[in-house]
Amino acid sequence: MAQIAQVLVDVPTMQTNRPYSYQIPSAWQSQVQPGMRVVVPFGRGKRRVQGFVLACNDVTTFDGDLKAIDSVVDLAPVLNQEALKLTAWLAASTFSFQITCAQTMLPAVMRAKYEKLLRPTDQTSAAIDDQIFHGQTSVDFDAIATTPAAVSQLLRLQAAGEVEVYYQVKNQARHKTVVGVKAALSVADLKQVETTVRSGAAKQLALLNGLQTLNGETLTQREFSQRFDVSEAVIRTGEQKGWLQKTAIEVYRDPYATANIRPTKPLKLNDEQQVAVNQIVAAVDAPATTTFLLEGVTGSGKTEVYLQSIAAALAKGKTALMLVPEISLTPQMVQRVKGRFGKAVAVLHSGLSSGEKYDEWRRIRRHEAQVVVGARSAVFAPLDNLGLIIMDEEHESSYKQDDAPRYHARQVALWRSQYHHCPVVLGSATPSLETRARAEKGVYQRLLLADRVNRRPLPSVSIIDMKQEMQQHAESNFSRALLVALQDRLERHEQSVLMLNRRGYSSFVLCRDCGFVLKCPNCDISLTLHMDTHTMKCHYCGHEEAIPKVCPNCHSRQIRYYGTGTEKVEEELQNLLPDARIIRMDNDTTRKKGAHAKLLTQFGSGEADILIGTQMIAKGLDFPNVTLVGVLNADTALGLPDFRASERTFQLLTQVSGRAGRAEKSGHVYIQTFNPDHYAIRFAKHHDYEGFFKYEMQMRHQGGYPPYYFTVQITASDLDEAVAAKRMYQLLQWLKPRLTPSTIILGPTPKPIARVNRRYYYQIVIKYKQEPNLEHTLTTLLQETQVQQRQGLQIGIDVEPLHFM
Ligand SMILES: Nc1ncnc2c1ncn2[C@@H]1O[C@H](COP(=O)(O)OP(=O)(O)OP(=O)(O)O)[C@@H](O)[C@H]1O
Ligand SMILES: [Zn+2]
């Protein structure tokens, strides 16, 4: 009997998007299992790639040419049965490569790195050995092939058999170990030894005493030396005398090891919260795959509903997953969950180091953590026996991944809920239209928290027309009314939060003489000024250059910054209110690890009067002393060419307004805008989500947009604009006859930002209510354009895109 493994190889192309068969060498026959990583030879030459075993089959014979697995990376599967099924579903539903989907489910360090190496052969001459290898067994190919001449020499040597090129797969994932100490003798023997040590050797006696209390336990050397007050030198002596043994013990890199987290107890719920918790817990207990929409105004105590529902799942011996948007931006939430569930909580987000992520992932895998809090990709956390999934701020667009696989965490959460037969709770004060419409139809079950806890009122909101303000006063970022309100809060020792909306907005450089705007050489977008690095940066491709002192176009010195950065606003405010203590939060001040949490703690403990920042301060903050919120520019995103512009503006304004007046003192909000009559702003003024929902649904109905239609965006890009455009027109002709007549195809059009990283982008949007041919057609499309794709054309498919830029 022989065994064959079906292996998904780490070569993300359309041709290789299927499993390949490999022999399992007889020595490993009982060891290799589906979900393990292996290294296999692939293609011609000495190429080695990593792959995932999808299945193992027994066969009586196999084709003699079948290549064999080179090595096995894991001792146990890293993708379990659920993850393997999810991989297949994710690949099909997002039109991505299976290998990319498999990798997406694991911490990034578990991806293989490849090294291209050069090694000598039997025929290597002494001269070449001297020139290239210097007696080493291998050298880095790229370090030597630096010039065209060097490359052609290497090719010649390779043809002559003097050198060999091969690829090495490097596993990057490492766990961390520290020195551990454990007794090498029994307690009786240690006591015996003690009698032989002279009484002056106090430290050695302390060591022997300490060892006797260990009870077979291993302590880290540091812990041991602290607990028994003996130095490392004394421990070494003990080792030499054979009293103790040093071992390597694995330790987890804990991102919150030094965080000071206060334990909390469940609060007594109000009636609305109690109803919500009862319904959710009933679904956990049943268990049922109900999807709930927990719609609760800002400050209504949604978090407490989540926590008590999680507690119910844990009490049943199940696990729970809680998703939050870009968690590194909401340290308060981590504290709340850790405060309630302590060590049972694992945290996964982009702010962790790769080692920390790897360790948190393994703690979950080993069932050492039963609750996971994390951002988008935490939806793949390897929790077994899932009893509840929560998605806080479900309307947030950061739940959708921009690169392949372009999945939405909500879809994955719903899939896992079916797999584990458990409920999902989607929570928000401003649900996405899609979710709210599904609740309207009864697909999701709506739970309402209409009031703030203890019936505190929502803050009152004043709209300030900045057109009038500009006519009456000199140019300033602060209206009279807002400034007076800020002063008033200073006198009353209350705090204020100011938001500068950065969406669709940037500070750029413009020449006052010729109107020249500094643009990215690779993209269709102006460069953004960054004062921290004193450079101009492109936010799309990362291009960076010096700030010009004279206009590159007309050489005038009248070149100026436009737009307002948070830094400039802070400066202006400090001039207007010299006594105010201000904390600024934006990408620049929060880049360092932990800086975000630190600034928030400072603000929370009253070390500042005013917190000024970008969108990152709009969500989740819960500070009782904040009684004033100001939005400096409400409408910068309203003009964006995207049908969700109003929805996003309404959501942002409602969220940020919700930061005010959350405790005893009531709150007030000032919204500065150039579009005071826009419906998104009018509904936000009255905290009227229902009104906004109804109005916006009408707009979507008229325009034929989601949630009335489903959408798929297809983009084609090429270095040559004409090629991209031509391919898109061909694609349109190809698509039309394959889709049902009721399906609408918009475009082709250049994308609103038509050039990114030197490539030209064209798009079409497919809108449909029911399209049975869609999956088949798009899969065929990817297969049929394989040849063109190898020639440089890139096709992207985005199911339910959230951005049309
Ligand atoms: N039953 C309760 N009794 C007393 N206080 C409560 C209760 N439930 C919640 N709270 C408190 O009310 C405040 C607001 O709750 P929370 O932050 O969960 O609101 P939220 O609904 O998540 O709001 P947002 O959407 O604005 O983030 C918190 O300080 C919380 O501790
Ligand atoms: Zn660019």
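Visitor: Where is Pro405 found?

Guide: In this predicted model, Pro405 is found in the loop between β16 (386-391) and α14 (409-420). The peptide bond that leads from Ala404 to Pro405 is cis, with omega near -10°.

Visitor: Which other peptide bond is cis, and what is its omega?

Guide: The bond from Pro706 to Pro707 is cis, with omega near 5°. Pro707 belongs to the loop between α22 (689-703) and β30 (710-718). Most peptide bonds are trans.

Visitor: Why is Phe95 called buried?

Guide: A residue is buried if 20 or more other C-beta atoms lie within 10 Å of its own. Phe95 has 21 such atoms within 10 Å, and therefore it is buried. Phe95 sits in the loop between α1 (81-94) and α2 (98-104), and has a positive phi of about 55° although it is not a glycine.

Visitor: What makes Glu800 partly exposed?

Guide: The term applies between the cut-offs of 12 or fewer for exposed and 20 or more for buried. Glu800 has 17 C-beta neighbours inside 10 Å, so it counts as partly exposed. Glu800 lies in the segment after β33 (794-799), and its phi is positive, at about 50°.

Methods:
Residues numbered from 1 in each chain as written. Chains lettered and ligands numbered in written order. Predicted model: local features only at pLDDT ≥ 70, side-chain atom pairs only at ≥ 80, totals over all residues. Helix = DSSP H or I, 4+ residues; strand = E, 2+ residues; numbered from the N terminus.
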